[in-house]
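I opened the notebook today to work through one chain with the viewer beside me. Here is what I looked up, in the order I went.

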Amino acid sequence: MELDRAQAFADEWAADWNSGDIDRIMKHYADDVVFRSPLAARLLDGSDGTVRGKEALRAYWAQGLRHNPDLHFHILGVYAGIDSVVINYRNQAGQMSNEVLIFDGDLIVSGWGTHGPKPS
């Protein structure tokens, strides 16, 4: 993926999250997406941190949006790979995180959320 395309995607991704509109967020994901996150491991009972399928991911993130109405992501850096994008961002609480996203065409088929320490 070219860096300019990765940057354009990241800008749209952040705007979609910052809108709080779950439909805007989910339009980027394949039906069989697999997403892993330490937050999912803590919040989803019996989960190993893996969310499988677009509808399960929608439910997980919709719950997160309800609990974080002031959610806001500010992009700090974008990195492009062959079929991947890494988005480094800071959230509304000041915590730095990364999304590692793997694409098949224009849709995300797998991803990982990674999070740094919470600010003091």
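My entries below cover the sheet, the helices lying on it, one glycine and the salt bridges.

**Entry 1: the model.** I noted at the outset that this is a predicted model.

**Entry 2: the sheet.** I began with the strand order. Six strands make up an open sheet, and reading across I get β2-β1-β6-β5-β4-β3, with mixed pairing. I then asked myself which strands stand at the edges. They are β2 (50–52) and β3 (73–80); each has a single partner strand, so one side of each is left without a neighbour in the sheet. On average, neighbouring strands here are turned by 20° against each other, direction ignored.

**Entry 3: β3 and its partner.** I followed β3 to strand β4 (residues 84–91), and the two pair in the antiparallel sense over seven bridges. Within this part I picked out Val-78, which stands opposite Ile-87 in β4.

**Entry 4: helices on the sheet.** Next I checked what lies across the strands. Helix α1 (residues 3–19) lies across β1 (29–36), β3, β4, β5 (96–104) and β6. I wrote down its direction against β3 as about 155°. Helix α4 (residues 54–67) lies across β1 and β2, and runs at about 60° to β1.

**Entry 5: a glycine in β6.** I stopped at Gly-111, found in strand β6, which spans residues 107–115. Is Gly-111 buried or exposed? I found a relative accessibility of 1%, and the cut-off for buried is under 20%, so Gly-111 counts as buried. I also listed what Gly-111 touches, leaving out residues up to four places away in sequence: Val-34, Phe-35, Arg-36, Val-100 and Leu-101. For a distance, I took Gly-64, which is 47 residues from Gly-111 along the chain; their C-alpha atoms are separated by 17 Å.

- Glu-12 and Lys-27 meet through their side chains in a salt bridge, at 2.9 Å from N to O. This pair links distant parts of the chain: Glu-12 is in helix α1, while Lys-27 is in the loop between α2 (22–26) and β1, 15 residues apart. I have Glu-12 as partly exposed at a relative accessible area of 35%, and Lys-27 as partly exposed at 41%.
- Arg-24 forms a salt bridge with Asp-16, and their closest N and O atoms are 2.9 Å apart. Arg-24 is partly exposed, with 33% relative accessible area, whereas Asp-16 is buried at 2%.
- Arg-58 and Asp-23 also meet side chain to side chain in a salt bridge, 2.8 Å from N to O. Arg-58 lies in helix α4 and Asp-23 in helix α2, so the pair ties together parts that are 35 residues apart in sequence. I noted both as partly exposed: Arg-58 has a relative accessible area of 21%, and Asp-23 has 49%.

Conventions. Residues numbered from 1 in each chain as written. Predicted model: local features only at pLDDT ≥ 70, side-chain atom pairs only at ≥ 80, totals over all residues. Heavy atoms only, no water. Helix = DSSP H or I, 4+ residues; strand = E, 2+ residues; numbered from the N terminus. Buried < 20%, exposed > 50% of the residue type's maximum accessible area, 1.4 Å probe, protein only. Contact = heavy atoms within 4.5 Å. Pairing = 2+ DSSP bridges. Axes fitted to C-alpha atoms, helices over the stretch in contact; angles between N-to-C directions. Salt bridge = Lys/Arg side-chain N within 4 Å of Asp/Glu carboxyl O.
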